[in-house]
Amino acid sequence: MKAKIIDVDIPNSNDRIYPRIVVENAFKKYKEDMIDNGRAIIFSKKENNLDYAYGLVKDIYIEGSSGYVDITPLTHKDNSELTKLIEDKQIHVVTSGIGGIKEGVIQEDFLLDYLFLDPEPSYNL
């Protein structure tokens, strides 16, 4: 399943701008550190806790002015309701990261920490 996670080079819903090069670098590092090692988990709550694991991120990439993830829901529990809510855009995959911000622009030290589900998107719908 494909899900949008971030706006690139335009103000997002929090009035922050994530420059393309910053997002590309963060995605590259996340792919190397997390996806390639099978540790890229999307949580159903804003808690980095395996009790709330929803699915695995299989890929992370930029198309146009948006960043996306490809998700595989975990099969050890029934995630069909959450999957339907994501597909219907009633809940969204959002990012949690760390790094500097200057005058609303995310800086080059930005690191993508983890992804979680939330009713409020951090990107423009």
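This is a predicted model: local features need pLDDT of at least 70, side-chain atom pairs count only at pLDDT 80 or more; totals for chains, interfaces and linings use all residues.

A salt bridge is counted here when a side-chain nitrogen of Lys or Arg lies within 4 Å of a carboxyl oxygen of Asp or Glu.

## Salt bridges

A search of the whole structure finds six salt bridges, and the table gives three of them.

| Salt bridge | Distance, N to O | Relative accessible area |
|---|---|---|
| Asp59 and Lys31 | 3.0 Å | Asp59 25%, Lys31 30% |
| Asp9 and Arg20 | 3.9 Å | Asp9 44%, Arg20 29% |
| Lys84 and Asp88 | 2.8 Å | Lys84 47%, Asp88 37% |

The side chains of Asp59 and Lys31 meet at 3.0 Å, N to O, and this pair joins distant parts of the chain, since Asp59 belongs to strand 3 (residues 53-63) and Lys31 to helix 1, 28 residues apart. Asp59 counts as partly exposed because its relative accessibility is 25%, and Lys31, at 30%, is likewise described as partly exposed.

In the second pair, Asp9 and Arg20 form a salt bridge with an N to O distance of 3.9 Å. Asp9 sits in the loop between strand 1 and helix 1 (20-35) while Arg20 is in helix 1, so this contact ties together parts that are eleven residues apart in sequence. Asp9 is partly exposed at 44% relative accessibility, and Arg20 is partly exposed with a relative accessible area of 29%.

Lys84 and Asp88 make a further salt bridge, at 2.8 Å from N to O. Lys84 is partly exposed at 47%, and Asp88 is partly exposed at 37%.

## Aromatic pairs

The structure holds four aromatic pairs. In one of them, the rings of Tyr18 and Phe110 have centres 5.4 Å apart and planes at 75°, so the pair is edge-to-face. Tyr18 lies in the loop between strand 1 and helix 1, whereas Phe110 lies in the loop between strand 7 (105-106) and strand 8, and the pair therefore ties together parts that are 92 residues apart in sequence. Tyr18 counts as buried at 8% relative accessibility, and Phe110 is buried with a relative accessible area of 9%.

The rings of Tyr114 and Phe116 stand with their centres 5.9 Å apart and their planes at 45°, so this pair is tilted. Tyr114 is buried at 11% relative accessibility, and Phe116 is buried at 5%. Ring pairs also bring in Phe43, which is linked with Tyr114 and Phe116 into a cluster.

Empty space can be located by rolling a probe the size of a water molecule over the atoms. Which residues are the closest to the centre of the largest pocket? This pocket has a volume of about 350 Å³, and of the 21 residues that line it, Asn14, Arg16, Tyr18, Thr95 and Gly97 are the closest to its centre. Strand 5 (residues 92-98) gives the largest share of the lining, five residues, and by type the lining divides into nine nonpolar, nine polar and three charged residues.

The second largest pocket has a volume of about 180 Å³. It is lined by 13 residues, of which Ala3, Lys4, Ile86, Lys89 and Tyr123 are the closest to the centre. Strand 1 (2-7), helix 2 (80-87) and strand 5 each supply at least two residues of this lining, with the largest share, three residues, coming from strand 1. The lining residues are seven nonpolar, two polar and four charged.

Is Ser122 buried or exposed? Ser122, in the segment after strand 8 (111-118), has a relative accessibility of 16% and therefore counts as buried. Leaving aside residues up to four places away in sequence, Ser122 touches Ile5, Asn12, Ser13, Asn14, Val94 and Thr95.

Methods:
Residues are numbered from 1 along each chain as its sequence is written. Side-chain values use heavy atoms; hydrogens and water are left out. Helices (H or I, at least four residues) and strands (E, at least two) are DSSP runs, numbered from the N terminus. Buried means under 20% relative accessible area, exposed over 50%, partly exposed in between (1.4 Å probe, protein chains only). Contact means heavy atoms within 4.5 Å. On a 1 Å grid over the protein atoms alone, a cavity is a set of points where a 1.4 Å probe fits but cannot get out, and a pocket is an open set with protein on both sides within 12 Å along at least five of seven lines; lining residues have an atom within 4 Å of a point. Grid points are joined across faces, edges and corners, and a volume is the space filled by probe spheres set on the points. Ala, Val, Leu, Ile, Met, Phe, Trp, Tyr, Cys and Pro count as nonpolar, Asp, Glu, Lys and Arg as charged, and the others, Gly among them, as polar. Rings of Phe, Tyr and Trp (its six-membered ring) pair if their centres lie within 6.5 Å; planes under 30 degrees apart count as stacked, over 60 as edge-to-face and the rest as tilted.
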